[in-house]
Amino acid sequence: MITVNEKEHVFHLHNGRMSYLFYVMDSGQLGHLYFGKELRSDGSYLHMVEKAHRPMTTYITEGDLYTSYEHLRQEYPTYGTSDYRYPALEVQGTDGSTLCKLEYQGYEIIPGKKPLPGLPATYVEEKGEAETLEIRMLDQWRGLEAVLSYTIFRDCDAIARSVRFINKGEEALFLDRAMSLSVDFPDGDYESVQLSGSWARERSIITRPLQPGVTAVSSMRGNSSHQHNPFLALKRRHTTEHTGDAYGFSLVYSGNFLAQAEVDNYNVLRVMLGINPFGFRWKLAPGGEFVTPEAVMVWSNQGLNGMSWQFHALYKNRLARGYWRDKERPVLINNWEATMFDYVEDDLVRFAQKAQECGIELFVLDDGWFGARNNDRAGLGDWKPNPAKLPNGIKGLAERIEALGMKFGLWFEPEMVNRDSDLFRTHPDYIIQTPGRSPSHGRNQFVLDFSRPEVVDEIYNQMYALLSNAKISYIKWDMNRSISECYSASLPADQQGEVFHRYILGVYDLHERLIRAFPELLIESCSSGGGRFDAGMLYYAPQGWTSDDSDAIERLKIQYGTSLVYPISSMGAHVSACPNSQVGRNTPIETRGNVAMTGAFGYELDLNKLSEEELKAVKQQVVFYKQNRKLLVQGAFYRLLSPFEGNFAAWEVAEHDGSRALVTVTRILSEINGPYRRLPLLGLDPDRKYHIYSKYLSYEAYGDELMQFGLMLEDQASGQIIEGSGGSGSCEDFRSLVYEVVGL
Ligand code: GLA
């Protein structure tokens with residue numbers, strides 16, 4: 001998968017479908033050549049270097065009027081000589097100088113892929129699945145070594161990158177910017193695609209044409225954020241969901257990030273991704289090492305959906321890990337939206353009992369069970385059950401739930417503390433705050449300084465005590481505010497720029513220790529819904545609470561957007577009560593079920609309050625989900641109709657061999673006597689005959705017809721009145737249907 005042209009110093013990473021090429025310039029720096037569909041070649045590529053005499057340019061060598069870094073495509077650029085674009089690396093020495101020049105020293109090809117110490121990363125199970133190229137670069141003047149690592153995967157059109165820095169000099173160095181990846185594309189004629197939003201409306205798809213200058217998304221909140229996801233894609237103007245070139249860049253990291261595309265004056269495009277340089281400064285003592293988080297770049301010539309498949313396949317199979325990776329996820333019920341903080345043990349058991357009657361498998365006790373937590377002003381940090389609510393403790397409640405034949409799950413917010421808590425009273429110094437300044441609060445809580453190992457130990461010990469004492473099969477790990485007044489009491493002045501990153505390393509460490517101690521524990525990540533829904537978290541928690549907005553119609557956009565990068569098995573999605581708590585909307589129970597089912601499925605309402613008819617629907621949904629969850633976790637996901645573009649949302653999950661598919665179609669607002677509608681499907685076998693079932697239809701058709709002519713939406717979801725239905729329901733808003741397409 002990695003070919004080296006020793007004469008021309010060209011490195012070619014390829015896997016039969018995709019190529020990535022770079023070379024060593026005469027000056028020793030690395031130049032980028034190509035990234036895209038695999039190139040056939042006799043091994044000579046240097047003619048691809050575009051280089052011309054340009055006026056008003058700074059040249060590297062006297063007498064040479066052609067060579068300037070400014071108009072050469074770079075591979076891991078530094079700043080200070082003649083490239084005036086944003087660099088991937090910025091270093092300052094104790095002399096104050098920021099100049100840095102990395103020169104090629106050598107390379108090594110390693111079968112498989114090495115883990116990244118303390119950081120989440122993609123992995124291989126067998127060495128033959130991937131090959132890794134490590135390029136060793138050195139700034140001789142500073143003694144800074146940088147090892148650029150590239151892993152190309154055999155079965156996936158993805159390259160994982162990271163950089164390891166080692167200070168081989170005698171003086172301390174400061175890394176002010178250390179991006180995980182940088183790529184210079186030969187032209188900037190792309191549109192960028194980002195996933196942006198806010199609390200309760202996370203990850204909307206936003207597309208904009210690149211213009212000269214910088215297009216960027218970032219976070220400086222300490223969590224990857226509701227506002228922007230650590231991801232950026234590039235597509236051509238004519239690229240669609242299913243055709244055309246698309247490149248995706250995703251950071252396997254949960255803290256501050258920067259994803260940036262810069263188009264220069266020669267229409268060359270530089271993309272970079274990594275830790276946000278703002279607020280970052282890492283002191284590299286002599287002999288010290290720093291490893292950047294991993295960044296993954298994928299390419300597809302099958303549009304944005306093709307790009308998503310690459311991410312889904314890699315993240316589902318080689319980023320998520322452990323006991324739950326390939327397992328069917330339990331259908332859960334969570335009490336939060338139903339009870340908030342107000343419950344006692346018997347209420348919970350009644351709540352779970354009804355769920356058990358409906359076939360639900362896991363009961364999750366959310367916030368409010370510990371310390372003095374009767375509202376959001378107290379208790380965080382005291383992970384001991386509140387005897388007034390739970391007289392038999394977590395152990396007693398878990399036993400009663402297990403006796404129902406269900407599993408028991410528990411909510412934690414490990415990184416936080418309330419002022420009104422025993423932990424804060426004992427260790428007021430444990431929070432992140434700047435000395436002499438008042439710390440801001442978010443939801444009345446403060447952020448524990450997870451950059452300090454003793455703070456992580458304290459929380460680990462509390463969690464370990466509970467998890468080893470009671471039968472807890474699942475935890476929901478929440479994080480309900482961002483970091484402010486960032487400063488750690490344990491670090492000297494010249495290391496305060498490390499706090500954000502050290503904090504996330506502490507979070508990862510706690511995750512890792514819990515997984516090691518309880519390998520069968522299912523962890524669902526959460527951050528006020530989707531405030532930390534990123535690839536870093538996926539390494540520890542194979543599912544995440546996608547958004548605090550549980551309204552099925554809002555969820556169409558949230559889940560559709562999230563699917564650009566993240567597999568549907570990672571998206572926690574629940575049926576909640578109506579009118580919906582967030583938007584006050586009433587939606588049919590079928591629609592709530594249909595939308596939530598294309599995710600890690602569950603309920604978040606008191607089933608004792610439903611009508612007989614609704615309960616019947618819930619029971620049917622649970623049966624249907626259990627019959628199909630293997631497909632829903634492992635199938636290929638196709639986005640068919642975008643809720644960002646019209647009144648319909650549609651998606652399909654198909655077996656990889658095309659033998660079966662489920663198609664979910666939601667009509668948002670009702671329409672009367674609408675046009676005939678057909679929905680061309682994807683991923684079926686053109687020569688195979690299928691039976692199509694829905695609530696209103698049953699017919700047979702060949703795969704080619706279903707993919708060319710389309711599935712006929714002749715039912716309530718298309719707004720047409722069905723004879724015999726008396727017209728009832730046919731003109732309601734928010735109707736949806738699932739079609740089963742079963743190969744005969
Ligand atoms: C956050 C989560 C919710 C719920 C509450 C509890 O907002 O996103 O799902 O757990 O906290 O306080």
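How many nonpolar, polar and charged residues does the lining of the largest pocket have? By class, this lining has eleven nonpolar, seven polar and eight charged residues. The model is predicted.

**Largest pocket**

- The largest pocket holds about 660 Å³ of space.
- Its lining is made up of 26 residues, among which E590, N594, A617, Q620 and K695 are the closest to the centre of the pocket.
- Three elements each supply at least two residues of the lining: helix 10 (589–597), helix 11 (612–634) and strand 38 (735–743).
- Helix 11 gives the largest share of the lining, with nine residues.

- D367 places a polar side-chain atom 2.6 Å from an oxygen atom of the ligand.
- For W411, the distance from a polar side-chain atom to an oxygen atom of the ligand is 3.0 Å.
- In the side chain of W545, an N or O atom is 3.4 Å from an oxygen atom of the ligand.
- On its own, the ligand has 310 Å² of accessible area, of which the protein covers 95%.

**Salt bridges**

- The structure holds 54 salt bridges.
- One of the salt bridges joins the side chains of R161 and E75, with an N to O distance of 3.6 Å.
- This pair links distant parts of the chain, since the two residues are 86 residues apart.
- R161 belongs to strand 9 (residues 158–167), while E75 lies in the loop between strand 4 (30–37) and strand 5 (89–93).

**Backbone geometry**

- Most residues other than glycine have a negative phi, and most peptide bonds are trans.
- The peptide bond from C578 to P579 is cis, and its omega is near -5 degrees.
- P579 is located in the loop between strand 29 (571–576) and helix 10; helix 10 also supplies at least two residues of the lining of the largest pocket.
- H9, a residue other than glycine, has a positive phi, near 55 degrees.
- The loop that contains H9 runs between strand 1 (2–5) and strand 2 (10–14).

Notes. Residues are numbered from 1 along each chain as its sequence is written. This is a predicted model: local features need pLDDT of at least 70, side-chain atom pairs count only at pLDDT 80 or more; totals for chains, interfaces and linings use all residues. Side-chain values use heavy atoms; hydrogens and water are left out. On a 1 Å grid over the protein atoms alone, a cavity is a set of points where a 1.4 Å probe fits but cannot get out, and a pocket is an open set with protein on both sides within 12 Å along at least five of seven lines; lining residues have an atom within 4 Å of a point. Grid points are joined across faces, edges and corners, and a volume is the space filled by probe spheres set on the points. Helices (H or I, at least four residues) and strands (E, at least two) are DSSP runs, numbered from the N terminus. Ala, Val, Leu, Ile, Met, Phe, Trp, Tyr, Cys and Pro count as nonpolar, Asp, Glu, Lys and Arg as charged, and the others, Gly among them, as polar. A polar contact is a pair of N or O atoms within 3.5 Å; within protein, one must be able to donate a hydrogen and the other to accept it, and residues adjacent in sequence count only if both atoms are side-chain atoms. Accessible areas come from the Shrake-Rupley method with a 1.4 Å probe; for residues, only the protein chains shown count as cover. A salt bridge is a side-chain nitrogen of Lys or Arg within 4 Å of a carboxyl oxygen of Asp or Glu.
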